[in-house]
Amino acid sequence: MSRTTTLGIIAVVLAILGFVAGYYAAPKGPTATQTVTQTSTQTTTVTQTGYVTQTVTQTSTLTTTVTQTAAPSMQMPTPVLAPISSSTVSVNAAEGATVRAGPIIAVIRPGTYAMVGNETLSNYSFSIVLYSVYGLGASPDGGWPVYAFAFAVNGMVSPAVTFVDSMGKPRPIITIAYMPDNWSSWTWLGYKALSNGTLVGGRYAFVDKWYYVGGGAFVNIQFVKPVPWVFTAGPYSYMPQFATFKPPMSSAASGLVPVEIAEAAINGTIGGALRVGNIIAVIPPGTYLSDGQTMYKTYNFSLIYYATLSMPGIGGMAPFGAYAFAANGVVSAKYTFVNAAGSPSPIVTIAVLPSETTSWTWLPSGPVQQTSAIVNGTYKFADIWLYGDGYIVNVQFVKPVPWIFLGPR
């Protein structure tokens, strides 16, 4: 083998070793096909015939193509909210409506319109949709997703729709959810709605605020868009934001005798919710108290449950219980719940009672302390209720006075 040939082989080997060392030292991120060119130049001097000196330059070029295939990346599955059931009601904005789907109850108060783009709808279909959830992962606060629900307007689950009042201001849907007291929920946004109702993709946007009223019941007074909310189980601790107590025993032989009272300090701008027995009272945001001269933005609100002792019936119906609101500890028609403009603003009542139930307003002869029995009074007029699946709803009561439940004799 000639010296020139040997030098050429050495140059090729050196080029290969240099490439291999460089390849294993380089980062191994995912890359496409990569072409690497290594050029090695070896120069040597050889003396021939003793007289003539020749310089021989040996150049060897090695071109190598290497394909690197990155290992598959660990990607989270695409989030999916798959609808499993729904309930729908037709809404006339002037009248309001209510609907229930499983453990979720929605109350659409009178004066609630649906704004879709530049169009405000006074008549629309309103749905509650329940979803199974897949691939969502834990919420930012560590809760694990259990299931989800959403509202829909004319079949649309979209943040482009807003529930508003007659002036175009957001008007929340009153929402009641029955769930364990270690659950919470997160608003879910950024999804794509498929034609079959499935929601694909998306993210946790923000945590929702619920009022725990006991008995496994939670109330939300913030939801103004038909979008999904994901229930998550986590290390939460909820306590009712009101006090419940039993008044002193009454010696009254007849009339309305208070049995239990729930009381809360209300910031009228924020609202609140409280419960006694099977009755939930919801104070929507922007609900203040007026005595005809002064508007109170903060006040004490009480929900009182009464026994009806030796009370007469009316219209062929018999009384079986009663309740009242109290303002600053007093049951009195002189007070009115109002909005910021001073117009009457109803408290929402949800009572778990059969659809055969009705009620009449009972007016005392004068103001009565919330812990006292109401002996003197009279039936004034029948009340109007919205009837749901196993519950009834009132969206008209603007005075802290009693209402007597009546049923068939």
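Predicted model: local features only at pLDDT ≥ 70, side-chain atom pairs only at ≥ 80, totals over all residues.
**View 1. An open sheet of five strands with antiparallel pairing.** The strands follow the order E4-E5-E11-E17-E16, and strand E4 (97-101) and strand E16 (211-214) stand at the edges, where each has a single partner strand, so that one side of each is left without a neighbour in the sheet. From one strand to the next, the twist averages 20°.

**View 2. Strand E25 with its partners E20 and E26.** Strand E20 (residues 255-267) and strand E25 (residues 298-309) are paired in the antiparallel sense over twelve bridges, and Ile266 has Tyr299 of E25 as its bridge partner. E25 is also joined by six bridges to strand E26 (residues 317-327), again in an antiparallel run, with Ile304 standing opposite Ala324 of E26. Ser310 lies in the loop between E25 and E26, and its phi is near 50°, a positive value in a residue other than glycine. Ser310 counts as exposed because its relative accessibility is 63%, where the cut-off for exposed is over 50%.

**View 3. Asn154 in the loop between strand E9 (144-153) and strand E10 (161-164).** Asn154 has a positive phi of about 50° although it is not a glycine. With a relative accessible area of 41%, Asn154 is partly exposed.

**View 4. The largest pocket, with a volume of about 720 Å³.** This pocket is lined by 22 residues, and those closest to its centre are Arg109, Asp165, Arg171, Asn339 and Ser345. Taken by class, the lining of the largest pocket divides into twelve nonpolar, six polar and four charged residues.

**View 5. The second largest pocket and the residue Thr361 in its lining.** About 200 Å³ of space lies in this pocket, and of the 14 residues that line it, Thr361, Phe381, Gln396, Phe397 and Trp403 lie nearest its centre. Strand E30 (358-364) and strand E32 (377-382) each supply at least two residues of this lining, which by class has nine nonpolar, three polar and two charged residues. Thr361 has its place in strand E30 and counts as buried because its relative accessibility is 3%, where the cut-off for buried is under 20%.

**View 6. Ala351 in strand E29 (residues 348-351).** Ala351 has a relative accessibility of 0% and therefore counts as buried. Apart from residues up to four places away in sequence, Ala351 touches Asn278, Ile279, Tyr391, Ile392 and Phe405. Val276 is 75 residues from Ala351 along the chain, and the C-alpha atoms of these two residues are separated by 9.9 Å.

Note on methods
Residues numbered from 1 in each chain as written. Heavy atoms only, no water. 1 Å grid on protein atoms, 1.4 Å probe; cavity = no way out; pocket = protein on both sides within 12 Å on 5 of 7 lines; lining within 4 Å. Points joined across faces, edges and corners; volume = space filled by probe spheres on them. Nonpolar A, V, L, I, M, F, W, Y, C, P; charged D, E, K, R; others polar. Helix = DSSP H or I, 4+ residues; strand = E, 2+ residues; numbered from the N terminus. Pairing = 2+ DSSP bridges. Buried < 20%, exposed > 50% of the residue type's maximum accessible area, 1.4 Å probe, protein only. Axes fitted to C-alpha atoms, helices over the stretch in contact; angles between N-to-C directions. Contact = heavy atoms within 4.5 Å.
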